[in-house]
Amino acid sequence: MGNAVSRAASSADDAVDDIKDSKVVRVLARSGYAAIGLVHVLIGVTALRLALGEKGDADQSGAVSQLASNPFSLALLWAGFIVCAVLALYLASEALMGWRFGASKHQVKNRLKAGGQAVVLAATAVVFGNFALGKHSDSGQSSQKLSADLMSSTPGTVLLAAIGAGLMVAGVVFVVIGVRRGFEKHLRGQPSGTAGTAFIWLGVAGYCAKGVALAAVGLLIVVATVKHDPSKSGGLDEALKAFLAQSFGVWIVALIGIGLIAYGLFSVLRSRYQRL
């Protein structure tokens, strides 16, 4: 019985590997990084507009709604859904089927990282899909509703606080990766000369800015949980607008916006050089 289960698992693993080795799947998965990059560029531009006193929603739904307003919106939205979903499944397979490589500390960390990325990409795919189907959503309102639901019970409140703390830790990790250029080890190459240098510095600035943004969202969630006030929770848009209420906030929001644009451009280029 044990041998039969082992053979079935091995066969399933081989089948998944065959799919992942497909040229079409790899091209679509790489394109997922380009789609994520485009979303970050649009969020960064909106953040800059907020810093200049204009209006906008600096979150995923706001970015995708901008794509939905152009003449080729339906094709772009479905393309975004497909490539993000394929990349999410690709990374999920890395997280779920990495058992065959052992369970060392390094391998477990990589599997957890792949799993986290898969969840984020799946959420982005859902946003693209909803807009493609005409079901427009608001990330901030969704976050506040989820916070209110979790705060309705003690275990939910603890979980929400843990999520906020986890985002703050993730933010610090992103900054460290950016400063130490840790993202380079996951690339299979980079442009040569000045273009290569610019590529790396886009990654440094982008990772640092994304880290600050994640930490800000996490802090917002923790504060909302401590005050037991879901209205103070939310996503990146709410965090940036909270910064704007401070005397120094305009400069922070502007720098985050520039950094997110850098991260977006890095991600678009990374679709060519990321190791899969």
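**Entry 1: a pair of helices**

I began with helix 2 and helix 10, whose crossing is left-handed. The word left-handed applies when the near helix is turned anticlockwise from the far one by less than a right angle, and right-handed when clockwise. I then looked up their axes, which come within 7 Å and cross at roughly 165°. Axes here are lines fitted to C-alpha atoms, for helices over the stretch in contact, and angles run from 0 to 180 degrees between N-to-C directions. Helix 2 and helix 10 are therefore roughly antiparallel to each other; that term is for angles over 145 degrees, with under 35 as roughly parallel, 65 to 115 as roughly perpendicular and the rest as oblique. By class, their contact has 19 nonpolar, seven polar and three charged residues. Nonpolar covers Ala, Val, Leu, Ile, Met, Phe, Trp, Tyr, Cys and Pro, charged covers Asp, Glu, Lys and Arg, and polar covers the others, Gly among them.

**Entry 2: ground rules**

I noted that this is a predicted model, in which local features need pLDDT of at least 70 and side-chain atom pairs count only at pLDDT 80 or more, while totals for chains, interfaces and linings use all residues. Residues are numbered from 1 along each chain as its sequence is written, and side-chain values use heavy atoms, with hydrogens and water left out.

**Entry 3: the whole chain**

I found ten helices and zero strands in the protein chain. Both are DSSP runs numbered from the N terminus: helices are H or I with at least four residues, strands E with at least two.

**Entry 4: helix 2 by itself**

How many residues does helix 2 have? I read 29, covering residues 23-51. Helix 2 reaches 43 Å from its first C-alpha to its last, close to the expected 42 Å, which is 1.5 Å times one less than its number of residues. Just after helix 2, G53 takes a positive phi of about 90°.

**Entry 5: helix 9 meets helix 10**

Helix 9 (residues 236-244) packs against helix 10 at an angle of about 145°, with the axes 7 Å apart. The contact divides into nine nonpolar, one polar and no charged residues.

**Entry 6: one threonine**

Is T225 buried or exposed? T225, in helix 8 (residues 193-226), counts as buried because its relative accessibility is 9%. Leaving aside neighbours within four places in sequence, T225 is in contact with M151, T157, L160 and A161.

How values were computed:
Buried < 20%, exposed > 50% of the residue type's maximum accessible area, 1.4 Å probe, protein only. Contact = heavy atoms within 4.5 Å.
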